[in-house]
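Good morning. I have a few minutes on one structure, so please look at it first, and then I will go through some of its parts.

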Amino acid sequence: SMGAPTADPASRDALVRRMQSEHIPPTWEANARWDRESAWGRWKDLSKDFGEAWPDLPVAYELSRVGLGEIAGPMVNAIYIEIGKYRRSKRVRRDVAKWKASGGKSKDPDIERKAAAQDIKLRSRDWMAVFSGAGYPAQVSKFATDSIPFRSMGREDDDARRAWTLAYPAAFSPHVWRAGWEGGVDPLLMLSIMRAESAYRHDAVSPVGALGLVQVMPATGSKVAALGEFEGFRVERLLEASVNIEIGTWYMGQLLERFGPGHFPLAVGSYNGGPHNIGRWLKAKVGADLEDFVEEVAFDETRNYIKKVTRYYAIYADLYGGGAPVLLPGRTVTDDPTVINF
């Protein structure tokens, strides 16, 4: 089961109200485990205390202060990966111990950086705060998942619901909401696709060459840019959050139009497996129970993708939807391949 009840007229009205709302949520909501002020304090302290070992840290801090998390986040992430490598290496620990035993007098930036890595004692919760300050939702979600017992806490009380936003952020919300309004796509659906495709990494590149937050293939991006008359498009710009979201949302809007706005699981399956495949399988199954149709999707990856995105969508709707749940249509319908077929 995809875990969502069947659609009704009230759910349509609720979705329309959500789409017409001008409210853009913050990336994360303050709760007992995180607040912006203390997060910025941890981020500032790290950049100040270890800026000599990693000069990129204070640079990233200043970039994040002016809202350039798309640049700052990956810089901090690269340093985090390096720190982890040094902390796990027995050889590095031996070299650092030997250097410290000698009084640490020799000026060697490499060994000093390795020694600094041993001195960083941040827990998952601290790193979560650092990455929220740096503006990198991918790692905030990862560390929140590692440090907060979501399975046991539920989403019943307000503080718990706000804590869930750390794992399910309204990532890049100004871009997502603007593109959703313009393309007629629920922003919460695009966030669900973003989580499934890249786990909020705007710099993600897949083994097959898909790029960015919602993993747009270069050929698809070029076709969408031409059809949608997006000016100044270049394939490399798919690694820019705003461009990637705009292109991906326009494409999803067309898929929703092909299969019908209420039949988002078919559009989601098309986003992964291609509308021509979903359309081909649908021909003999018009009027079939939707969940039965999904279970019979020929591609394992696409079938599991539909279920995963639907599950994420239900959580996003619960957190940000203002009481409007994700509701599934009961049966499949005829699609219109003249809308879009790539």
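This is a predicted model: local features need pLDDT of at least 70, side-chain atom pairs count only at pLDDT 80 or more; totals for chains, interfaces and linings use all residues.

**A walk through the model**

The side chain of Glu240 meets that of Arg237 in a salt bridge, with 3.1 Å from N to O.

That brings me to salt bridges in general. How many salt bridges does the structure hold? There are 20. I will go through some of them.

Take Asp300 and Arg303, whose side chains meet in a salt bridge at 2.4 Å, N to O. Both residues lie in helix 18, which covers residues 300–320, and they are three residues apart, about one turn of the helix. Are these two residues buried or exposed? Asp300 counts as partly exposed because its relative accessibility is 46%. Arg303, with a relative accessible area of 15%, is buried, because the cut-off for buried is under 20%.

Next, a salt bridge between Asp159 and Arg33, where the closest N and O atoms are 3.8 Å apart. This pair links distant parts of the chain. Asp159 sits in helix 10, residues 158–167, while Arg33 is in the loop between helix 1 (9–20) and helix 2, and the two are 126 residues apart. Asp159 has a relative accessible area of 22%, so it is partly exposed. Arg33 is partly exposed as well, with a relative accessible area of 26%.

There is also a network. Which residues are linked in it? They are Glu82, Asp110, Arg113 and Lys114, joined by salt bridges.

Now to helix packing. Helix 2, residues 36–49, packs with helix 3, residues 56–65. The angle is about 150°, and the axes are 8 Å apart. From helix 2, the residues in the contact are Trp40, Trp43, Lys44, Leu46 and Ser47. On the side of helix 3 they meet Leu57, Pro58, Ala60, Tyr61, Ser64 and Arg65.

If you want to find them on the screen, the buried ones are Asp126, Trp127, Met128, Ala129, Val130, Phe131, Ser132, Gly133 and Ala134. After helix 7 comes Gly135, with a positive phi near 85°.

Gln215 has a positive phi of about 50° although it is not a glycine. Gln215 lies in the loop between helix 12 (187–198) and helix 13 (218–227). With a relative accessible area of 11%, Gln215 is buried. Glu229 is the other one, with a positive phi near 55°. Glu229 is placed in the loop between helix 13 and helix 14. Is Glu229 buried or exposed? Glu229 counts as exposed, because its relative accessibility is 68%.

Helix 14 covers residues 241–259, and Thr249 is found there. Thr249 counts as buried because its relative accessibility is 1%. What does Thr249 touch, leaving out residues up to four places away in sequence? The answer is Ala179, Gly180, Val185 and Met190. For a sense of distance, the C-alpha atoms of Thr249 and Val309 are separated by 15 Å, and these two residues are 60 residues apart along the chain.

Last, the surface. Val66, Leu68 and Ile71 form a nonpolar patch there, and together they have about 270 Å² of accessible area. Ile71 belongs to helix 4, residues 69–88. With a relative accessible area of 44%, Ile71 is partly exposed.

Conventions. Residues are numbered from 1 along each chain as its sequence is written. Side-chain values use heavy atoms; hydrogens and water are left out. Axes are lines fitted to C-alpha atoms, for helices over the stretch in contact, and angles run from 0 to 180 degrees between N-to-C directions. Helices (H or I, at least four residues) and strands (E, at least two) are DSSP runs, numbered from the N terminus. Contact means heavy atoms within 4.5 Å. Patches are made of residues with over 30% relative accessible area and no salt bridge: like charges are joined within 9 Å, nonpolar side chains (Val, Leu, Ile, Met, Phe, Trp, Tyr) within 5 Å. Accessible areas come from the Shrake-Rupley method with a 1.4 Å probe; for residues, only the protein chains shown count as cover. A salt bridge is a side-chain nitrogen of Lys or Arg within 4 Å of a carboxyl oxygen of Asp or Glu. Buried means under 20% relative accessible area, exposed over 50%, partly exposed in between (1.4 Å probe, protein chains only).
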